[in-house]
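Thanks for coming. I will go through one structure, starting with a charged pair and ending with the nonpolar cores. Please have a look at it first.

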Amino acid sequence: MKQLKELSDMMQSHARTGKLFAFTIRKEWLKLLLWLAGCAFYVILGAVAFVEVYGDPLERQAMAQAMQNPAMEALFGRAIGIDNYTIGAMYSHTMTIMGFVLFAIMSILLVVRNTRSEEEDGILELIQSLPTGRLASTTSAILLLVLTNTLLAVMSAGLLIGLGDSSMTTEGAVLTGILYGLVGLIFGGVTLITAQLSSNARGAMMLSFGVLGLSYMLRIIGDSGGFNALSWISPLGLLYGAEPFVENNWFPVWVGLVLSFVLIVTALGLKHRRDVGAGLLPDRPGKRHASVFLKTPLGFLLKLVRTPLIVWVVAMILLGVSYGSVIGDIEDVLAGNEIIEQIIAGDDSVSMADQFIAMIMGVLAMAASIPTVQIILRLRSEEKKNRLDKIIAGARSRTSVLSTFILTSLTVAFIFQLLQSLAFGGAAVAMGYDIALLDMVSAGLAYLPAMVVMIGLTVMLVGWLPKASSLIWLYLGFAFILLYFGGLFDIPEAVSWLSAFYHIPEMPVEEWNVWTAVLLTIIGTALTVTGAAGFRKRDID
């Protein structure tokens with residue numbers, strides 16, 4: 001009888017899971033589709049680029065030798081398949097770790113959005129007031145996590161089989177796909193646990209990203225030699241040890257499956273023990289009264305975006321250091337490859353390293369545009385959660401609230417460009433590359449007018465087309481494709497002109513143009529003013 005009662009209680013705790021899962025899919029399908037499309041682009045980019053660019057075995061072996069240094073191993077992982085550096089070995093070596101980080105972030109955001117964020121917004125309490133089980137919502141999030149990463153695994157394996165060369169075997173492609181899905185399951189499981197530990201979405205996300213960052217650092221220390229065990233302790237290092245297309249070692253897969261299962265079961269157990277709205281970790285007692293600064297629009301906004309900005313600052317600095325530390329080896333890696341020279345608009349009168357710096361500065365500026373745009377979109381997010389109307393119903397006007405978001409976004413753009421330029425240039429100088437740090441900072445700050453245009457476009461969408469405000473990400477993706485592939489595919493200049501980043505001089509290869517900077521700033525300002533006018537006139541959702 002006791003076993004039957006336990007079985008009945010378990011079934012009741014999962015009651016209506018299927019209906020909640022179907023509802024979650026209807027709610028999340030577009031975001032998942034966009035994420036999977038981005039992941040597919042990442043896989044396609046690696047497979048096609050390596051096949052087209054590094055078809056010559058001698059070029060691959062030259063790159064293999066250049067990749068065997070601490071800076072490259074910290075960024076991509078320890079060198080594998082060096083004796084026979086095939087396309088498959090090159091893909092596994094250079095694309096795996098970065099792919100792991102991308103897919104882990106996808107799963108972290110997916111789980112937080114469908115667990116702790118829903119609980120924080122009061123949605124879970126509403127759901128559990130209906131005849132649903134105590135664990136139904138969490139179980140539906142788990143099913144969505146499994147479905148998403150299964151689709152990612154199948155899609156990645158299929159793309160690698162279809163687009164790879166003979167060295168990218170079916171077994172290696174299937175193993176790569178499984179690893180991609182498995183890293184998502186592992187960090188999704190970690191996030192399921194942090195969602196039970198923290199009492200809010202921000203805390204759960206910070207803890208999950210902290211685990212991801214720690215895993216990355218352990219992998220770097222382990223791959224540097226002398227501490228190999230640390231690399232295997234890290235989930236990233238563990239799965240990287242599978243070495244698809246080289247060794248095809250399946251042992252990390254079985255360990256990863258067991259680990260993800262343990263994490264998910266542990267999360268369900270923790271969820272069963274806590275109350276709705278609470279976290280298992282004790283909350284730090286807050287102040288009895290809000291500070292004077294917190295009562296201002298700026299203080300309130302910084303409270304909202306503080307956590308993601310801290311994460312972005314760390315990521316931008318690490319990204320800048322990673323790129324800057326490999327500048328000295330770029331000549332050996334890229335020189336002599338005609339397709340690479342075409343991609344970065346090769347100029348015989350300028351060193352390959354300087355041209356690479358110019359392109360990476362554009363990439364870093366686009367990366368810094370993401371958090372600046374997110375600040376403006378946070379205004380739309382607050383509107384959808386019915387919190388914005390409470391702010392503007394008081395003594396604050398719409399103009400003052402919107403101005404706070406815009407000025408904060410502009411300040412963040414400047415600070416981020418300054419920090420990542422210093423990180424990029426400082427790492428390059430520290431590694432012995434002959435370039436002035438001030439020139440690197442100037443090259444980074446030169447992209448600020450293009451970022452002003454990005455901010456203006458976002459304000460325009462939020463002001464006049466709030467439901468289409470997410471289209472700004474398509475524009476940023478369009479600009480990124482033009483930067484990377486405009487020269488390779490001979491994209492017409494009329495199309496390239498649509499990107500604000502296209503007009504920025506590629507310093508240090510080109511000279512800074514004051515009139516271009518002034519014109520882009522005027523365009524961005526005009527878009528911002530026009531968007532603000534629409535925001536003042538339209539109804540708040």
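Which residue forms a salt bridge with Arg78? The partner is Glu243, and the closest N and O atoms are 3.6 Å apart. Keep in mind that this is a predicted model. Arg78 sits in the loop between α4 and α5, and Glu243 in the loop between α12 and α13, so the pair ties together parts that are 165 residues apart in sequence. Arg78 is partly exposed, at 21% relative accessibility, while Glu243 is buried, at 14%.

The count of salt bridges comes to 8. Another one joins Arg116 and Glu119, with 3.5 Å between the closest N and O atoms. These two are 3 residues apart in helix α6, so about one helical turn separates them. Both Glu119 and Arg116 are buried. There is also a network: Lys27, Glu28, Arg113 and Glu118 are joined by salt bridges that share partners. Within that group, the side chains of Lys27 and Glu28 meet at 3.2 Å, N to O. Lys27 is partly exposed, with a relative accessible area of 35%, and Glu28 is buried, with 2%.

Now the cores. The largest nonpolar core has 68 residues, and Tyr91, Phe100, Leu160 and Phe187 have the most contacts inside it. Helix α5, residues 87-114, gives the most to this core, with 14 residues. Take Leu160: beyond its neighbours within four places in sequence, its contacts include Val43, Tyr91, Met168 and Phe245. A second, separate core has 65 residues, among them Phe405, Ile406, Tyr475 and Phe501.

Conventions:
Residues are numbered from 1 along each chain as its sequence is written. This is a predicted model: local features need pLDDT of at least 70, side-chain atom pairs count only at pLDDT 80 or more; totals for chains, interfaces and linings use all residues. Side-chain values use heavy atoms; hydrogens and water are left out. A nonpolar core is a set of buried Ala, Val, Leu, Ile, Met, Phe, Trp, Tyr and Cys residues joined through side-chain atoms within 4.5 Å. Buried means under 20% relative accessible area, exposed over 50%, partly exposed in between (1.4 Å probe, protein chains only). Helices (H or I, at least four residues) and strands (E, at least two) are DSSP runs, numbered from the N terminus. Contact means heavy atoms within 4.5 Å. A salt bridge is a side-chain nitrogen of Lys or Arg within 4 Å of a carboxyl oxygen of Asp or Glu.
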